[in-house]
Amino acid sequence: MATDTATTVHDDGHEHAPSFIDRWFFGTNHKDIGTLYLLFSLAMFLIGGAMAMIIRAELFMPGMQIVNPEFFNQMTTMHALVMIFGAVMPAFVGLANWMLPLMIGAPDMALPRLNNLSFWILPFAFLIMLSTLFMEGGGPAGGWTLYPPLSLQQGNSMAFVIFAIHMMGLSSIMGAINIIATVLNMRAPGMDLLKMPIFPWTWLITAFLLIGVMPVLAGAITMLLTDKFFLTSFFNAAGGGDPVMYQHIFWFFGHPEVYIMILPAFGVVSEIIPTFSRKPLFGYQAMVYATASIAFLSFIVWAHHMFTVGMPLGGELFFMYATMLIAVPTGVKVFNWVSTMWQGSLTFETPMLFAIGFVVMFTIGGFSGLMLAIVPADYQYHDTYFVVAHFHYVLVTGSVFALMAGAYYWLPKWTGYMYNETLGKWHFWLSTIFVNLLFFPQHFLGLAGMPRRIPDYNIAFSDFNMISSIGGFGFGLAQLLFVYVVWSCARGRSGIKVGDRVWEGARGLEWTVPSPAPHHTFTTPPKFDDRDLAHGDVSH
Amino acid sequence: MIATSPTATSAIDAEHGADSAGAGLSWQETGLMSDKKNTRGIRRTVTVLVIVALLVYLGFMWQTAISQ
């Protein structure tokens with residue numbers, strides 16, 4: 001383990017300690033709000049995970065065992081909504097809140113009160129959304145995409161779901177505005193945009209994506225609401241509306257949304273790999289431009305989610321080629337991560353293990369994405385378990401693994417204590433083995449023709465489903481280990497205090513403040529040395 | 001408000017030597033990011049972004065409505 005023992009005096013700088021209520025409910029400190037976001041997303045991760053366990057338990061064997069089909073559909077829908085809007089997105093916002101000001105040398109976020117509001121909208125939004133499971137007719141059951149006409153046939157709980165999604169969207173937009181305002185206006189003197197660490201860069205681009213597409217989702221579900229309750233017919237074919245129009249609008253939001261969940265993950269991994277390779281990031285500027293290219297391309301590929309609706313051939317070809325084009329900047333990134341490691345002085349602490357796991361398994365998800373981009377092949381894969389396998393490789397072994405990597409990487413900076421490295425490594429290996437057991441067989445199920453979102457299936461799919469469920473239970477249990485590691489680290493159970501620069505190879509402003517990071521940092525502008533940037537001196 | 005104590009800047013000084021041009025000065029005193037300029041910049045950024053978000057929201061609904 002690579003720690004050093006810098007001995008900067010730590011002082012919270014408080015003249016008086018705020019009360020618990022003042023600090024955690026009304027506080028505007030970016031670190032506290034970051035902590036709230038991270039704890040909230042962990043809770044949502046466990047709730048969404050519990051729903052996944054119900055799904056996998058039902059699919060353990062063919063036939064109906066545990067739940068009825070209506071509830072199964074509610075579980076698949078809620079699992080997705082909770083994981084996307086409640087777990088992955090808020091987790092990255094939590095990392096942004098904690099680390100962005102520390103990385104760019106700012107004293108706080110640009111709009112601290114808005115920051116507090118952005119967070120506190122979320123718990124209420126999710127209370128409203130989860131409460132629909134107990135309403136007459138149950139919660140949403142038509143999939144997280146809420147496609148009409150199915151979603152229009154749902155009970156009145158639909159209004160609550162739409163209201164909750166509006167609140168989440170509002171929270172995301174406010175958070176994005178805050179991040180853009182912070183990065184553009186509050187960087188330390190001398191920190192030009194192209195000297196900024198990669199994580200703030202990826203978040204800056206992600207924030208622009210959020211501003212560009214969250215209002216589109218809001219528009220789509222507002223129209224869905226008026227179709228359902230106010231007799232309009234935007235998407236209702238019976239009244240002259242067009243359900244396919246909804247799909248176009250939804251996926252104009254939905255595809256960039258995928259990148260909203262993966263670009264910050266790229267940023268986290270781009271911070272971790274140089275640290276444990278003890279080398280500057282290879283191709284820093286190429287990484288920045290690749291991130292921007294991916295963000296741009298994400299706006300012109302949406303219809304690859306709906307090749308089978310009956311588009312003109314020219315449209316299908318355009319979306320196929322545009323989608324394949326994304327492999328180029330993504331390939332640049334993977335090449336740069338590998339090149340950063342090349343001939344580096346590598347060590348394999350838990351954050352690095354998760355980062356390498358990310359690179360390998362995200363690439364598997366990327367390749368299956370390329371397969372899905374091919375129009376004639378997609379006619380076979382569409383709406384099968386192959387799609388489920390693909391996006392779980394991207395989102396679980398991609399986004400979630402990067403979140404785990406980031407949590408282990410920065411946990412000592414947040415708590416002042418080193419986590420239990422042995423348990424961290426157990427967590428990584430158990431997660432890696434079980435997550436592949438969970439999702440890899442789903443490729444075969446999809447290729448064999450098993451449709452997604454079904455509670456029962458042909459007996460021919462039994463074996464792979466059983467293997468997948470065993471992997472699911474194992475992966476779920478392994479995450480309890482993560483919860484224990486975080487809890488024990490926060491309580492200082494390891495007893496190993498860390499210095500400012502927790503990792504020997506770490507570079508950047510966040511490693512110049514004490515551990516745990518004081519409540520207020522950079523109250524005066526920091527001076528930094530270009531050679532200390534994680535990506536090396538880019539001035540020549 | 002913020003009560004300062006050993007700040008990050010002093011930590012940086014300890015590491016890089018005391019040759020820190022901005023060290024010890026407040027954000028306003030550096031002149032690079034005066035409070036006024038900073039506030040104006042943030043206000044402009046927020047205004048533009050809120051307008052963009054509203055335009056996207058209303059624009060998409062408008063476009064959908066007239067395309068029916």
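Predicted model: local features only at pLDDT ≥ 70, side-chain atom pairs only at ≥ 80, totals over all residues.

Trainee: Leaving aside its neighbours within four places in sequence, which residues is A:Trp203 in contact with?
Mentor: Leaving aside neighbours within four places in sequence, its contacts are A:Phe92, A:Val93, A:Ala96, A:Leu100, A:Ile179, A:Leu210 and A:Pro264.

Trainee: How many residues of α13(A) are buried?
Mentor: Helix α13 of chain A runs over residues 385-415. The helix is mostly covered, and of its 31 residues the number buried is 30.

Trainee: Where in helix α13 of chain A does a kink lie?
Mentor: The kink is about 35°. There is a proline, A:Pro412, and the kink comes shortly before it, at A:Tyr409.

Trainee: Which residue caps the N-terminal end of α13(A)?
Mentor: Look for a side-chain oxygen that lies 3.1 Å from the backbone nitrogen of A:Phe386. The N-terminal cap is A:Thr384.

Trainee: Is A:Trp511 buried or exposed?
Mentor: A:Trp511 is found in the segment after α15 of chain A. Residues in contact with A:Trp511, not counting those up to four places away in sequence, include A:Tyr409 and A:Trp410, along with A:Asp500, A:Arg501 and A:Trp503. Because its relative accessibility is 0%, A:Trp511 counts as buried.

Trainee: Which side chain makes a polar contact with the side chain of A:Trp511?
Mentor: The contact is between two side chains, at 3.1 Å. The partner is A:Glu510.

Trainee: How many residues apart in sequence are A:Trp511 and A:Val88?
Mentor: In space, C-alpha to C-alpha, A:Trp511 and A:Val88 are 25 Å apart. In sequence, the separation is 423 residues.

Trainee: Which residue does a cis peptide bond join to A:Pro148?
Mentor: Most peptide bonds are trans. Here omega is about 5° and the bond is cis. The second residue lies in the loop between α4 (112-131) and α5 (157-185) of chain A. The residue joined to A:Pro148 is A:Pro149.

Trainee: What is omega for the peptide bond from A:Ser515 to A:Pro516?
Mentor: A:Pro516 is found in the segment after α15 (462-490) of chain A. The bond from A:Ser515 is cis, with omega near -5°.

Trainee: What is phi of A:Leu146?
Mentor: Most residues other than glycine have a negative phi. A:Leu146 is found in the loop between α4 and α5 of chain A, and counts as buried because its relative accessibility is 3%. Its phi is a positive value in a residue other than glycine, near 55°.

Trainee: Is A:Phe522 buried or exposed?
Mentor: A:Phe522 is found in the segment after α15 of chain A, and phi of A:Phe522 is positive, near 50°. Its relative accessible area is 0%, so A:Phe522 is buried.

Trainee: Which residues does A:Thr432 touch, not counting residues up to four places away in sequence?
Mentor: A:Thr432 has its place in helix α14 (residues 421-447) of chain A. Because its relative accessibility is 12%, A:Thr432 counts as buried. Not counting residues up to four places away in sequence, A:Thr432 touches A:Met361 and A:Phe401.

Trainee: How many helices are there in chain B?
Mentor: Chain B has 68 residues, of which 31% count as buried. There are zero strands, and the number of helices is two.

How values were computed. Residues numbered from 1 in each chain as written. Chains lettered and ligands numbered in written order. Heavy atoms only, no water. Helix = DSSP H or I, 4+ residues; strand = E, 2+ residues; numbered from the N terminus. Buried < 20%, exposed > 50% of the residue type's maximum accessible area, 1.4 Å probe, protein only. Contact = heavy atoms within 4.5 Å. Bend = angle between axes of the 7 residues up to and from the residue. Polar contact = N/O pair within 3.5 Å; in protein donor to acceptor, adjacent residues only side chain to side chain.
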